[in-house]
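I opened this structure to look up a few points and write them down as I went.

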4 protein chains.
Amino acid sequence: MNGNEFGRLFRMTTYGESHGDAMGVTVSGCPAGVELSVEDVQAELDRRKPGQSMITTSRGEPDAVVVNSGVQDGYTTGTPIGMVVQNKDARSGKYEPYVTAPRPSHGDFTYSAKFGTRNWGGGGRSSARETVNWVAAGAVAKQVIEQSDYDIEVKAHVNQIGDVEAPEVSFDDLREHTEENDVRCAHPETAAEMQELIEEYQKEGDSIGGSIYFEAQGVPRGLGAPRFDSVSARLGQALMSVPAATAFEFGLGREAREWTGHDRNENWEFDESESQSDSEDASGDEPRARGDPRPVGNKHGGIQGGITTGEPVYGELTLHAPTSIPKKQRTVDWETGEEKEIQVVGRHDPVLPPRGVPVVEAMLYVTILDFMLLGGRINPDRLDGQAGEYDTPYHPSSPDNE
Amino acid sequence: MNGNEFGRLFRMTTYGESHGDAMGVTVSGCPAGVELSVEDVQAELDRRKPGQSMITTSRGEPDAVVVNSGVQDGYTTGTPIGMVVQNKDARSGKYEPYVTAPRPSHGDFTYSAKFGTRNWGGGGRSSARETVNWVAAGAVAKQVIEQSDYDIEVKAHVNQIGDVEAPEVSFDDLREHTEENDVRCAHPETAAEMQELIEEYQKEGDSIGGSIYFEAQGVPRGLGAPRFDSVSARLGQALMSVPAATAFEFGLGREAREWTGHDRNENWEFDESESQSDSEDASGDEPRARGDPRPVGNKHGGIQGGITTGEPVYGELTLHAPTSIPKKQRTVDWETGEEKEIQVVGRHDPVLPPRGVPVVEAMLYVTILDFMLLGGRINPDRLDGQAGEYDTPYHPSSPDNE
Amino acid sequence: MNGNEFGRLFRMTTYGESHGDAMGVTVSGCPAGVELSVEDVQAELDRRKPGQSMITTSRGEPDAVVVNSGVQDGYTTGTPIGMVVQNKDARSGKYEPYVTAPRPSHGDFTYSAKFGTRNWGGGGRSSARETVNWVAAGAVAKQVIEQSDYDIEVKAHVNQIGDVEAPEVSFDDLREHTEENDVRCAHPETAAEMQELIEEYQKEGDSIGGSIYFEAQGVPRGLGAPRFDSVSARLGQALMSVPAATAFEFGLGREAREWTGHDRNENWEFDESESQSDSEDASGDEPRARGDPRPVGNKHGGIQGGITTGEPVYGELTLHAPTSIPKKQRTVDWETGEEKEIQVVGRHDPVLPPRGVPVVEAMLYVTILDFMLLGGRINPDRLDGQAGEYDTPYHPSSPDNE
Amino acid sequence: MNGNEFGRLFRMTTYGESHGDAMGVTVSGCPAGVELSVEDVQAELDRRKPGQSMITTSRGEPDAVVVNSGVQDGYTTGTPIGMVVQNKDARSGKYEPYVTAPRPSHGDFTYSAKFGTRNWGGGGRSSARETVNWVAAGAVAKQVIEQSDYDIEVKAHVNQIGDVEAPEVSFDDLREHTEENDVRCAHPETAAEMQELIEEYQKEGDSIGGSIYFEAQGVPRGLGAPRFDSVSARLGQALMSVPAATAFEFGLGREAREWTGHDRNENWEFDESESQSDSEDASGDEPRARGDPRPVGNKHGGIQGGITTGEPVYGELTLHAPTSIPKKQRTVDWETGEEKEIQVVGRHDPVLPPRGVPVVEAMLYVTILDFMLLGGRINPDRLDGQAGEYDTPYHPSSPDNE
């Protein structure tokens, strides 16, 4: 409604402008009993932070997160987790020329048209700096999932920059190679090509678009409410919220328009690899004669009828080129009535997907956990706990904390 | 949450299964004072209904809507509008073979995995029959918008079927040509090609995918809340909810990944065509020296920073091929443990976009109206009314209705 | 937001005006696998329906409910349950005099002030007729709870009419005596007095206020989210929604203002009655040395810190006297500018609590079930089911239903 | 859902435990262009803060608020306002004895039963310390309303402590006398009596209950959505959320049960005091022949049919006695199985209503503003602004802020 809330049972509420005093996120609905440290969150923020390499903005933000509530003696308490990240290296002066002379294709004009004002420093609320909040919330969601009975893992990488496209990679490649290079492409050779391309545009004072491939393994079957709360619809909202997103696809995505039903449909077979005893454990009943029905292939991207099949959920997100570029452009000043030239100096990323990788992963963790809670797979009150049992609280932190 | 609600201030809540007794939608948050007739709703339902042509299912549904509340003497009263469409031509028997033997790539298995049961006739709740509710709600939204002070118009057409792609068309083409042919493609020559292609696949017992282009003109600038409630994120959810959707794009969409910032960015200029007196009316203040800032071009699809610019909002939605096809496929029966052949007879569309056009338009009307209400452009209580004024109610329908 | 939705995971969305065509309610979020028949719902509606006795309105409504979706072969499917009740005996003509001359203390004026119009027949949307929807939804919630592993029971009765107050009664009295008399007071002698009092006011063309006592037994400890979603806050909303409600209390209620902490506080003791083996089963761990902590007494009304203690949840709801009375009153016509006398003929209840009893019970069932789902006590997808298991669907209703 | 969010369009999201690092609140949906200073918020926090007098806890909290976002150069920007208050004087050691031995009637046990753990210092999340967040949000809402076109004012005072009841006071008394004494009772003589009573219980190591009367003047007619979002239902939720609340009433409240319809109903008359030209301005049409219909009296508490009439909205909230008292009580330790004596030392208020007054006022401001936005009376995007106009942003704070 107000644009700063995402999730239903697991939910983040954010605030902050690029050059405001601080960014903040409140995570509501995190079950109690999850081991959570500041380091768990910081590790993800460090993947997203500026100044990591030559191809990211040089803004020097430590992005040190402070956890104000909801965690005691290293475990979550079930109450809201308030986190704050101070903004340290804002240099707003450089943005003064754009106060009434909007940068081309940035949110400058639309924010002013909506609110009659805006925090104009660094792009204010429209800046991708906001995603620091998302990554912090995603880090919490990731911990909950990792400590649950489910073996879910989310990975993303940069699969295209400009016209340089990575070949298909395995999930193991995503695990091993994504963080090896500045571009965060899991295919090392392509990463090198992408790096070269980016630097070229950067030198020209220009920027370039790209895309992120994401994949979630281990998502159990049966998640997602039919229709408007289908997994595809909610991922659509989650990922189209990412700054600069212009296309969201899952499974065959845009290509599906060219496939026939017969070619795209995937027959069902029994999953014979499945151990019978597992099957028994799962149902609590007599074992099935055969394994679970399983589709031959995953062109459907892990989602059928809006609900997960148990196959990996995967797709792509396209991010347009950063709009803030040093190259000459033209704009108008609506106060003075002047037409003028504009060269956006400041410190800006020449390409978005590399730093977008942890953002996309965070949104996936948040969305998947939310579906897990809504589908009764993880108890909303307490992880691995017995509802209504009071048990022993975590130990008092210190005997002398008066 | 439960999957059957969409919208925040203007909101629809739906129910119904393909072969259940009836489909129903409750429209909440419609302002009072909007002229609304059953015919207004029926006209849109007729565009969507089955059996319109050779390339739609032959199921014979009149789809006659009944309005149970919220309208009095031809005007909305501000209270919820309950609508019901009876299902008349359900033939569930044909679906019995699939009760425990799921059709390939349909929602049969995932619904059962989620709920442990499902209304299996005609695909039950997962059937695209549900969209009859959306079109009814969209028809209400359209009336509200058309009777408001704003001149907003939404049109969609089928821009690709298989590998047959329509050239770019004008908004006037959309207005004039879309409804002229069964495919609902605004480019008549392409429509003919598409028709041919569809019939070919139909003859083979197969189906084919396609896509829908949509465009909304007259959407005022400044709509959309930053971030998770941006226009792009909410459209992402709205349109990825459409049955069979696999990709959502706006503006340059997927192609944006290949564009540089300089090429994609659009300079600002003054809109000199704008009449000074208009500008004066709008602001209530002294006229601006020059027209409004306006981007040179609309590669941004009417949305910058998640908020509308005032340029047309446009994009594309990809729908995969219908999964129910007569061609032979294979499946398994999880009850008997048998592997078997399957030929989905029943009555099914060989392609989805032609009937999807009114569905997409409906979702856009609902989404845009919701943003208009949230942004204070249309009063949530009463259209063109003075808040707190009680005035004269609509005339009693009849003196002798006791 | 729009006033016609209640509940979070278990949720009802309603529509309908007193003299409109039909009342309708969509129940979203009902788990699959619950045995549910039209008769289950009808039985509760019959308790609420008009014309039951001399002290209810003589409007002759069969209130026959139709279930349009969400149930198959006698079991819920997890998808929305759409229900409709036709209005059969509306006589709107009698309301014409009030179109622009509001009845004293009724919603006539405020509805017109909000919407600029209103469905004026029978009070339209402001009529207590709306509660037929609530009772239908409550009947569904009751079935879910009764078929769950929990032994929760909700009962209400009329504990005061005018100055006639019932003595405290036991839960068994509520079970046995409430439905024995027209007043729905579980204390038969008081019921007789109340009946007499009501008839007296009725004869005078007047009406009278009263209150309802409610109690829920078996509500497990640990339900309710801290703060704004506490059990007390949500019951506050739920019950203050009941037409004519002017006061909501739980536990000591209003009297608590006169109690000291020491007198109101309840010491903790071990519940020695508790069977050790039960305790073992519940926790899955070794049995506790002693029983559960249990407060000595229940002045706290089953809620501490906004969360349930496991003791019965009880309280009171006050309903003011019906405003539609035959006795002479004065009003003004805002259209003609006339001051005039008014005698509200129509068919009206002389007192609200007797028919309010099933309404209050319904709201409690809905609210409690919602908390059970939110707290992970009942799986939101399927009752007693194994998440992700697809098992056997309910049997096809008939082999020849084509 | 998660208990830490309140409001629909104007919305607060809170976090924090009594002895955690900090309390925090995010205010979403505040229109842009509202003058707002840290001092505006601090002034309200100072009314609520501990250590103000002998009859409040001696905990020494400065409660200094920091505003992290959403405000620029003294004006709101329409984006979320993040506020943080550090906890400075927490002495958790004193609470160690209660970790597994719950204080009588406090939330200690229920929180542990729900979450399996809790932040046990100072009552953690169940502490009334949380209301510091509400008061901060209320201060923002108050500024929005005060700077709007509406002349709405909310006041509350303590109208009963134990059996000492204040006589009815005027709104002017509320304005003038409430803040004059430590008890915050607008009737000075009664305030003195209350003070004496409180001190007496305090000396005995006991505490006492009480109640708060609230009144909102200038609330325009026509606010509130029918039924579940009625003003009475939403106030019911808002105020029953206040820690220790056990009863909520409006208008005649609990007494209404003893009134007849004829005595309680209020006839309509024309408000002849109303200036004709005002009426003309408001409607934009020809002036009405007579003033507005107005009820003779306000036993209805400003709400009819759930919607405001334009008369003052008033009611009462009962708060039970604080449960943390030095007097001897008994409890059990669920870990050791011991029964034991308990004397809650720490620093606690002997009575809640005096510090509850600003909390109740805050909840009313938040609720009323939310209804104003939902009813289209205040534009959700910008106060007094022209939707879609971009105008001039607030002046850059400083030329040299790089």
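**Entry 1: chains A and D.** I noted at the start that this is a predicted model. I laid chain D on chain A: a turn of 180° with a shift of 0.0 Å along the axis gives an RMSD of 0.0 Å. The two copies are therefore related as by a two-fold rotation axis. I then asked which residue of chain D comes closest to the rotation axis. That is D:Thr13, with its C-alpha at 3.6 Å. I also looked up the interface residues of chain D: 100% of them are interface residues in chain A too, so the copies meet through the same surface.

**Entry 2: B:Gly376.** I found B:Gly376 in the segment after helix 9 (353-374) of chain B. Is B:Gly376 buried or exposed? It counts as buried, because it has 22 C-beta neighbours inside 10 Å and 20 or more are needed. In chain D, B:Gly376 touches D:Gly376, D:Asn379, D:Pro380, D:Asp381 and D:Ala387.

**Entry 3: positive phi.** Most residues other than glycine have a negative phi. A:Ser105 has a phi of about 65° and lies in the loop between strand 7 (81-86) and helix 2 (108-115) of chain A. With 29 C-beta neighbours inside 10 Å, A:Ser105 counts as buried. D:Arg227 has a phi of about 70°; its loop runs between strand 10 (210-217) and helix 6 (231-240) of chain D. D:Arg227 is buried as well, with 26 C-beta neighbours inside 10 Å.

Terms used. Residues are numbered from 1 along each chain as its sequence is written. Chains are lettered from A and ligands numbered from 1 in the order in which they are written. This is a predicted model: local features need pLDDT of at least 70, side-chain atom pairs count only at pLDDT 80 or more; totals for chains, interfaces and linings use all residues. Copies are superposed by least squares on the C-alpha atoms of residues with pLDDT of at least 70 in both. Two residues are in contact if their C-beta atoms, placed from the backbone, lie within 7 Å. Helices (H or I, at least four residues) and strands (E, at least two) are DSSP runs, numbered from the N terminus. A residue is buried if 20 or more other C-beta atoms lie within 10 Å of its own, exposed if 12 or fewer, and partly exposed in between; C-beta atoms are placed from the backbone. Lists of a residue's contacts leave out its neighbours within four places in sequence.
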